[in-house]
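Please read the points below with the sequence and the model open beside you. They are written for someone meeting such a structure for the first time.

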Amino acid sequence: MSRGIANRRAAVYLILDHDYQMEEMYESLAVQAFAERVLALSANLDDDGTVPVVFSSGQEPFLEEIRLDNYRGRIAQLHTQVDWGWGNVADAMRRTVDHYQESGASDPAFVIVQVGDEPWDKSDVRSLLQNTATLGVFWLFVGFGRGKLAFYKNLNASSSASFSNVAFYDASKNPGSVPGDRFYTGLIEAFGKWMKP
């Protein structure tokens, strides 16, 4: 799992899409399984065994956490406390950056943003990516589900408007079917390159 991140530390965050079209993914526990894989990744990067989780919905972003001692069924339990929304990603990103800055962490933030469809706040998302480039925040957008993801796939398509701290990983319609090694490589490959001095 090294891929350029051996002996490097990072504060791992997880943003989960809580749009209507993700309901099936929550009910099938696909989102729970995804969160567990992110937690396992964080155990190799972060030293506190905790991943702050921000639910992206139509209301105020809902922030909680999953830990090595409470992760079983945690996402299924937490998501019932969150309203369903539609493509409101920027607010969840802002909440994550605020938490990271308030924590006083010296390690960079590795923010894994699970997305199931196009955001409606595209200009806000682009502005946030631009404004956080110097804050030590790396954004990995992970697409799974049946929605359209062209916006995220094409964030770095233009050389004149690319983001050095942004990557996209397509985890397929069912990320649980992706073998572990291939899945983790997809998660950390771009982050590892960004971390290299």
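The numbered points that follow go from the basis of the model to its sheet, its helices and its aromatic rings.

1. This is a predicted model, in which local features need pLDDT of at least 70 and side-chain atom pairs count only at pLDDT 80 or more, while totals for chains, interfaces and linings use all residues. Residues are numbered from 1 along each chain as its sequence is written, and side-chain values use heavy atoms, with hydrogens and water left out.

2. The protein chain has 7 helices and 6 strands, where helices (H or I, at least four residues) and strands (E, at least two) are DSSP runs numbered from the N terminus. Read from the N terminus on, the elements follow the order β-α-α-β-β-α-α-β-α-β-α-β-α.

3. Of the 197 residues, 50% count as buried; buried means under 20% relative accessible area, exposed over 50% and partly exposed in between, with a 1.4 Å probe and protein chains only. Taking contacts (heavy atoms within 4.5 Å) between residues at least 6 apart in sequence, 80% join residues at least 24 apart.

4. The 6 strands form an open sheet with mixed pairing, in the order β3-β2-β1-β4-β5-β6, and two strands are said to pair if DSSP finds at least two bridges between them. In general, strands of a sheet pair through backbone hydrogen bonds, either parallel or antiparallel. The edge strands, each pairing on one side only, are β3 (62-67) and β6. Strand β4 (residues 109-115) pairs with β5 in the parallel sense over 7 bridges, and Val113 has Phe141 in β5 as its bridge partner.

5. Helix α2 packs on the sheet, where it touches β1 (11-17), β2 (50-56), β3, β4 and β5, and its direction makes about 170° with that of β1. Helix α4 lies across β1, β2, β3, β4 and β5 and runs at about 160° to β1. For these angles, axes are lines fitted to C-alpha atoms, for helices over the stretch in contact, and the angles run from 0 to 180 degrees between N-to-C directions.

6. Which residues of helix α5 (residues 122-131) are buried? They are Val125, Leu128 and Leu129, and, seen down the axis of α5, the buried residues fall within an arc of 100°, so they line one face of the helix; the arc is that of the directions from the helix axis to the C-beta atoms. An α-helix has 3.6 residues a turn, so residues three or four places apart point the same way. The buried residues of α5 pack against α4 (90-103), β5 (137-143), α6 (150-153) and β6 (166-170), whereas Ser123, Gln130 and Asn131, on the other side of α5, are exposed.

7. Rings of Phe, Tyr and Trp (its six-membered ring) pair if their centres lie within 6.5 Å, with planes under 30 degrees apart counted as stacked, over 60 as edge-to-face and the rest as tilted, and by this rule there are 11 aromatic pairs. Phe34 and Phe144 make an edge-to-face pair, at 5.3 Å centre to centre and 65° between the planes. Because Phe34 lies in helix α2 (residues 30-45) and Phe144 in the loop between β5 and α6, the pair ties together parts that are 110 residues apart in sequence. Phe34 is buried at a relative accessible area of 2%, and Phe144 is buried at 1%.

8. Phe55 and Phe62 form a tilted pair, with 5.9 Å centre to centre and 50° between the planes, and Phe55 is buried at 0% relative accessibility. Elsewhere, ring pairs link Phe110, Phe138, Phe191 and Trp194 into a cluster.
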